[in-house]
Amino acid sequence: MRKNFPEKLFFSDLLNPADSAGAYFSRLPELETRRLLLRPMRLRDARDIYEYASDRQVARYVLWEPHSSLSDTRSYIRSIRRQYHAGLPSSWCIELLDTHKVIGSMGFMWYSPENHSAEIGYSLSRSFWNKGLATEALSRVLRSAFEELHLHRVEAQYDIRNPASGRVMEKCGMRQEGILRGRIYN
């Protein structure tokens with residue numbers, strides 16, 4: 001049986017913090033900024049997502065291979081939607097408010113209820129790099145993570161060959177704690 005949740009979900013009103021995170025992840029809130037809407041992915045977003053996810057330059061510093069077909073993208077979206085239904089950490093798509101085009105994704109890689117912490121990752125269409133959009137989106141997601149999920153710590157990682165991603169994090173108030181040499185083979 002599926003629980004009904006109010007449109008505005010305030011986690012302080014719920015008894016179990018783990019349940020509140022599950023509710024948050026299963027019904028990712030729409031987050032709006034001046035130029036963007038971060039919202040749950042839909043199958044009809046497949047063409048826009050494929051456009052950036054098939055770009056080798058976009059996939060160069062992330063942990064997924066470039067999509068080789070629209071079918072790959074649809075499978076990816078189905079996987080994300082299964083995470084929503086299971087109440088697991090997952091991703092939003094990043095949509096431009098003025099055109100409704102999906103230009104990237106941002107979301108939680110993992111979540112630890114015991115430590116009130118999570119990791120965030122993101123990717124953005126190359127044609128929208130260096131326009132402040134990733135910073136705008138990350139800033140909004142961080143605000144939601146601290147205010148709605150009541151997290152104590154949010155982490156993010158970037159490949160040191162991609163310093164622009166590190167600058168996005170710094171602009172959002174994140175601080176570098178170290179370099180994890182060889183932690184992930186990419």
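The protein contains 6 helices and 6 strands. Read from the N terminus, these elements follow the order α-β-β-α-α-α-β-β-β-α-β-α. The chain has 186 residues, of which 44% count as buried.

Cysteine pairing was examined next. A disulfide is a covalent bond between the sulfur atoms of two cysteines. In this model the number of disulfides is 0.

Side chains of opposite charge can pair when their charged atoms come close. In the predicted model, 10 salt bridges were counted. One of them joins Arg143 to Glu147, with a distance of 3.9 Å from N to O. Both residues belong to helix H5, which spans residues 133-147. Their separation of 4 residues corresponds to about one turn of that helix. Arg143 has a relative accessibility of 43% and so counts as partly exposed. Glu147, at 48%, is likewise partly exposed, because this value lies between the limits of 20% and 50%.

Arg153 takes part in two of the contacts described here. In one, Arg153 forms a salt bridge with Glu155, and the closest N and O atoms are 2.9 Å apart. In the other, the side chain of Arg153 meets that of Glu177 at 2.7 Å, again from N to O. This second pair links distant parts of the chain, the two residues being 24 residues apart. Arg153 lies in strand E6 (residues 153-155), whereas Glu177 lies in the segment after helix H6 (163-171). Arg153 is partly exposed at 31% relative accessibility, and Glu155 is partly exposed with a relative accessible area of 26%. Glu177, by contrast, reaches 62% and therefore counts as exposed, the limit for that class being over 50%.

Salt bridges also occur in a network, which links Arg39, Asp45 and Glu95. Arg47, Arg74, Arg78 and Arg82 form a positive surface patch. Helix H4 (residues 70-86) supplies the largest share of the positive patch, namely 3 residues. Arg82 is located in helix H4. With a relative accessibility of 53%, Arg82 lies over the 50% limit and so counts as exposed.

Tyr158 and Val62 are 96 residues apart in sequence, yet their C-alpha atoms are 8.3 Å apart in space. Tyr158 itself is partly exposed, with a relative accessibility of 29%.

Finally, the backbone was examined for phi angles. Most residues other than glycine have a negative phi, and most peptide bonds are trans. His116 has a positive phi, near 50°. His116 is situated in the loop between strand E4 (102-112) and strand E5 (117-124), and its relative accessibility of 36% makes it partly exposed. His150 likewise has a positive phi, with a value near 55°. The location of His150 is the loop between H5 and E6. With a relative accessible area of 42%, His150 counts as partly exposed.

Methods:
Residues are numbered from 1 along each chain as its sequence is written. This is a predicted model: local features need pLDDT of at least 70, side-chain atom pairs count only at pLDDT 80 or more; totals for chains, interfaces and linings use all residues. Side-chain values use heavy atoms; hydrogens and water are left out. A disulfide is a pair of cysteine sulfur atoms within 2.5 Å. A salt bridge is a side-chain nitrogen of Lys or Arg within 4 Å of a carboxyl oxygen of Asp or Glu. Buried means under 20% relative accessible area, exposed over 50%, partly exposed in between (1.4 Å probe, protein chains only). Patches are made of residues with over 30% relative accessible area and no salt bridge: like charges are joined within 9 Å, nonpolar side chains (Val, Leu, Ile, Met, Phe, Trp, Tyr) within 5 Å. Accessible areas come from the Shrake-Rupley method with a 1.4 Å probe; for residues, only the protein chains shown count as cover. Lys and Arg count as positive and Asp and Glu as negative; His and the chain ends are not counted. The place of a charge is taken as NZ of Lys, CZ of Arg, CG of Asp or CD of Glu.
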